[in-house]
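Colleague: I would like to learn how to read the main features of a model such as this one. Could you take me through them in turn, with the general idea before the particular case?

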Amino acid sequence: MSTLDFSTKIGSKRFSNPIFTASGCASSGQELSQFFPLTDLGAIVTKSIMTKARTGRMTPRMAETPSGMLNSIGLQGPGIDAFLENDIPWLVEQKAKVIVSIAGESVDEYGVLSRRLRAVSGISAVEVNISCPNVENRGQVFACHPDTSVAVIESVRRNIGGELPIIAKLSPDVTDIVEIAHAVINAGVDGLALINTLLGMVIDTTTMRPKLAGKTGGLSGPAIRPVAVRAIYQVHQAFPNIPIVGMGGVSNGRDALELVLAGASAISVGTASFGNPMAAINIKNQLSELLIQRGFNDFRDAIGFAHRGVQ
Ligand code: SIN
């Protein structure tokens with residue numbers, strides 16, 4: 001019987017397997033824990049947390065699309081104080097590996113959040129969400145420009161201290177994602193999360209008005225998978241040593257394998273969990289089976305395999 005070393009690494013941290021939740025799709029894991037122990041996943045990536053509690057955007061804030069969905073949540077959340085008081089101790093109690101996602105309206109806010117996290121034990125990495133498409137001011141999509149991306153990452157790096165790996169979450173809504181990746185790598189990130197949702201819009205042809213109260217929203221689900229594969233492939237080709245947490249429409253083990261072959265060191269499962277709370281666990285089992293079938297005994301040998309022998 002073949003065995004597989006399914007572990008993976010991001011910066012200095014090791015994860016028992018490469019299947020994570022995607023930020024925003026499982027809050028801090030409370031609902032998913034009714035279906036399986038959170039320790040079965042490589043990591044729980046929390047919903048991006050901000051300094052203050054937020055109610056998010058007006059409803060309706062979700063809309064179905066062909067092979068996907070739009071969300072316009074607007075970073076709803078309890079704020080960092082309640083998060084540190086309730087969510088982190090609960091996750092630690094579950095013995096889950098935790099990646100805390102943070103989001104800010106200004107460079108300073110990312111610095112403040114990083115300072116709050118620096119002394120917190122039980123966190124394995126910080127995901128810096130600089131790519132939320134659902135902000136009133138598109139100038140706040142820091143990941144659309146190298147300079148603003150760098151300013152945020154430098155602020156996080158200055159304030160977080162220690163060894164905590166920093167993962168920058170980038171937007172596919174740019175001309176050249178490799179340029180943004182290059183900028184944040186130079187600014188000191190240990191990994192990248194690729195990709196956040198794409199900005200989209202749906203108009204209801206009966207009411208003849210936008211379906212979402214916020215008009216635009218982030219497109220996720222299988223419809224965006226080829227965009228994720230392309231972005232991961234391009235960035236891995238340019239920076240083969242930077243770990244990538246890949247996401248974008250992964251619904252089964254084959255989808256996950258595709259992102260791994262493109263260059264992902266871990267896979268986040270998001271939209272698929274809305275339809276099936278066991279999706280991430282099924283994907284983990286299917287991916288492991290597919291890797292064994294293809295003769296791998298170490299997951300890490302499959303990362304970026306599609307690049308080998310290709311000019
Ligand atoms: C949201 O809360 O609006 C989504 C967050 C994101 O896509 O980064």
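**Cores, sheets and rings**

Modeller: The largest nonpolar core has 83 residues, and those with the most contacts inside it are Ile 102, Val 128, Leu 170 and Leu 192. A nonpolar core here is a set of buried Ala, Val, Leu, Ile, Met, Phe, Trp, Tyr and Cys residues joined through side-chain atoms within 4.5 Å, and buried means under 20% relative accessible area, exposed over 50%, and partly exposed in between, with a 1.4 Å probe and protein chains only. In soluble globular proteins, nonpolar side chains tend to be buried together. This is a predicted model, in which local features need pLDDT of at least 70 and side-chain atom pairs count only at pLDDT 80 or more, while totals for chains, interfaces and linings use all residues. Residues are numbered from 1 along each chain as its sequence is written, and side-chain values use heavy atoms, with hydrogens and water left out.

Colleague: Which element gives the most to this core, and which residues does Leu 170 contact beyond its neighbours within four places in sequence?

Modeller: Helix 8 gives the most, with seven residues; helices (H or I, at least four residues) and strands (E, at least two) are DSSP runs, numbered from the N terminus. With contact taken as heavy atoms within 4.5 Å, and leaving aside neighbours within four places in sequence, the partners of Leu 170 include Ile 130, Ala 143, Ile 177, Val 184, Leu 192 and Ile 195. A second, separate core of twelve residues includes Phe 20, Val 45, Ala 125 and Ala 266.

Colleague: How should I read the sheets, and in what order do the strands of the eight-stranded one stand?

Modeller: Strands of a sheet pair through backbone hydrogen bonds, either parallel or antiparallel. Two strands are taken to pair if DSSP finds at least two bridges between them. Eight strands form an open sheet with parallel pairing, in the order 3-16-15-10-9-8-7-4, and its edge strands, strand 3 (19-21) and strand 4 (44-45), each pair on one side only. Within this sheet, strand 7 (residues 98-102) runs parallel to strand 8 and is joined to it by four bridges, with Ala 125 in strand 8 as the bridge partner of Ile 99.

Colleague: Which strands stand at the edges of the four-stranded sheet?

Modeller: That open sheet has the order 5-6-14-11 with antiparallel pairing. Strand 5 (62-65) and strand 11 stand at the edges with a single partner strand each, so one side of each is left without a neighbour in the sheet. Neighbouring strands are turned by 40 degrees against each other on average, direction ignored, where the axes are lines fitted to C-alpha atoms, for helices over the stretch in contact, and angles run from 0 to 180 degrees between N-to-C directions. Strand 5 pairs with strand 6 (residues 68-71) over four bridges, and Met 62 stands opposite Asn 71 there. Strand 11 (residues 198-201) has a covered face, Leu 198 and Gly 200, and an uncovered one, Leu 199 and Met 201.

Colleague: How many aromatic pairs does the structure hold?

Modeller: Rings of Phe, Tyr and Trp (its six-membered ring) pair if their centres lie within 6.5 Å, and planes under 30 degrees apart count as stacked, over 60 as edge-to-face and the rest as tilted. The structure holds four such pairs. The rings of Phe 6 and Phe 299 have centres 5.8 Å apart and planes at 80 degrees, so this pair is edge-to-face. Phe 6 lies in the segment before strand 1 (8-10) and Phe 299 in the segment after helix 8 (279-293), so the pair ties together parts that are 293 residues apart in sequence. Both Phe 6 and Phe 299 are buried.

Colleague: Where are the cis peptide bonds that join Thr 59 to Pro 60 and Leu 194 to Ile 195?

Modeller: For the bond from Thr 59 to Pro 60, omega is near -5 degrees, and Pro 60 is found in the loop between strand 4 and strand 5. For the bond joining Leu 194 and Ile 195, omega is about 10 degrees, and Ile 195 lies in the loop between strand 10 (191-194) and strand 11.
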